[in-house]
Amino acid sequence: MVMLPHAESQTLVKIGPTKSNKTKFPGIPVIDLSRPQEAKNLIVNACQDYGFFKVINHGVPPLLVSELEHEAIGFFNMTESQKDQYCPPNPLGYGKNRIGTNGDVGRVEYLLLSASNFPTNCNIFSSLAKEYVEEVRKLGCNILEMMAEGLKIEPKSVLSRMLSDDKADTVLRLNHYPPCLDPKPEPNLDLYPNHQIMSHGKPPIVFGEHTDPQLISIARSNAASGLQICLADGTWVAVPHDDSSFFINVDDLLQVMTNGRFRSVKHRVVADSSKSRVSMIYFGGSPLMEKISPLGLLMEPGEESMYHDFTWFEYKSCSYKTRLADNRLSLFHKNSQVSH
């Protein structure tokens, strides 16, 4: 069952000049996983329309979530030297402001961990992170199996098998965004190049627009606002915070495997004006050498693949060479003029 926030649809203003600058948006799809027969079709609809949805009755223990968040907040409250010692960047680990290696920056500090290895100097944190990843991985597999059922393809594990594989390439990322205490922040051109500042006194963009390169992303945050998604017409809409639910992103690999039926959602984060935002994101990737191509079971007679075949290793390597906002899939699109 889809439950939309507020009884009335929201009127949202598109950022940037346009002849018609308003659009109607019914709200973020909210899907109850305790009703799988309804959920499987609603998941497909949400992936086609937005590439994004929220799940409730997800089965992840609330106590586990709150305990890991508590440990994350404690980590981010440490001094810089303590954080470096706690989880040194080698190559994952603690980082601040820099996003990737190609010049992108943001007002964020983070802890980036391989989902199969938690090299922190705290056994409690490592144990909680390991348990959390396992629970969220099961949630991801459940969602992908409902997705396959909604698409009417068999076996239902055709997508979930990639996350359940022992060689699945998955990452856990913990982000901390400080509050934007100044309601009209002055642009910091060193920290926010390429005009990453919202005008008219709006909060700054603290993590720039992008899609996620993996198969599926599962995000959860504390009770602070900031996440925004981009609709198909270019309108940016705010995602109401909900610290008891999980938000699901369609990622690049899933767009390819559905031959464009699902859309990899472009998203960004703006600063909350009153409180720090802490988010925990599970990035579900396939095994590195998994061949990524549209699922033959989905293809209509005579339908051609929109993309060249590639492995997750090839695509991941490509993502390391691009900027945050780049359209990486264009490098593999058969109609693209970009060589690869």
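**First stop: Gln214**

Select Gln214: leaving aside neighbours within four places in sequence, Gln214 is in contact (heavy atoms within 4.5 Å) with Asp251, Asp252, Leu253, Leu254, Phe283, Gly284, Gly285 and Trp312. The model is a predicted one, in which local features need pLDDT of at least 70, side-chain atom pairs count only at pLDDT 80 or more, and totals for chains, interfaces and linings use all residues. Residues are numbered from 1 along each chain as its sequence is written, and side-chain values use heavy atoms, with hydrogens and water left out.

Gln214 is found in the loop between strand 8 (205-210) and strand 9 (216-221). Helices (H or I, at least four residues) and strands (E, at least two) are DSSP runs, numbered from the N terminus. Is Gln214 buried or exposed? With 10% relative accessibility, Gln214 counts as buried; the term means under 20% relative accessible area, whereas exposed means over 50% and partly exposed lies in between (1.4 Å probe, protein chains only).

**The whole chain**

Zoom out to view the protein, which has seven helices and 16 strands. Of its 340 residues, 53% count as buried. Among contacts with a separation of 6 or more, 73% are accounted for by residues 24 or more positions apart.

**Asn222 and Ser276**

Next, select Asn222, in the loop between strand 9 and strand 10 (227-230). Asn222 is buried, its relative accessible area being 12%. Not counting residues up to four places away in sequence, Asn222 touches Glu69, His241, Asp243, Ser276, Arg277 and Val278. A polar atom of the Asn222 side chain lies 3.1 Å from the backbone oxygen of Ser276.

**His176**

Which side chains form polar contacts with that of His176? One is Glu109, at 2.8 Å, and another is Ser276, at 3.4 Å. A polar contact is a pair of N or O atoms within 3.5 Å; within protein, one must be able to donate a hydrogen and the other to accept it, and residues adjacent in sequence count only if both atoms are side-chain atoms. His176 is buried, with 14% relative accessible area. Beyond four places in sequence, the residues in contact with His176 are Phe76, Val108, Glu109, Ser276, Arg277 and Val278.

**Helix 2 against helix 4**

Now select helix 2 (residues 62-76) and helix 4 (residues 123-151), which pack at an angle of about 135° with their axes 10 Å apart. Axes are lines fitted to C-alpha atoms, for helices over the stretch in contact, and angles run from 0 to 180 degrees between N-to-C directions. To show the contact, display Leu64, Val65, Glu67, Leu68, Glu71 and Ala72 of helix 2 with Ile124, Phe125, Leu128, Ala129, Glu131, Tyr132 and Glu135 of helix 4.

**Backbone details**

Follow the chain to Pro155, in the loop between helix 4 and helix 5 (157-164). The peptide bond from Glu154 to Pro155 is cis, with omega near -5°.

Then select Asn57, in the loop between strand 4 (52-56) and helix 2. Its phi is near 50°, a positive value in a residue other than glycine.

Finish at Asn97, in strand 5 (residues 93-99). Asn97, which is not a glycine, has a positive phi of about 70°. With a relative accessible area of 25%, Asn97 is partly exposed.
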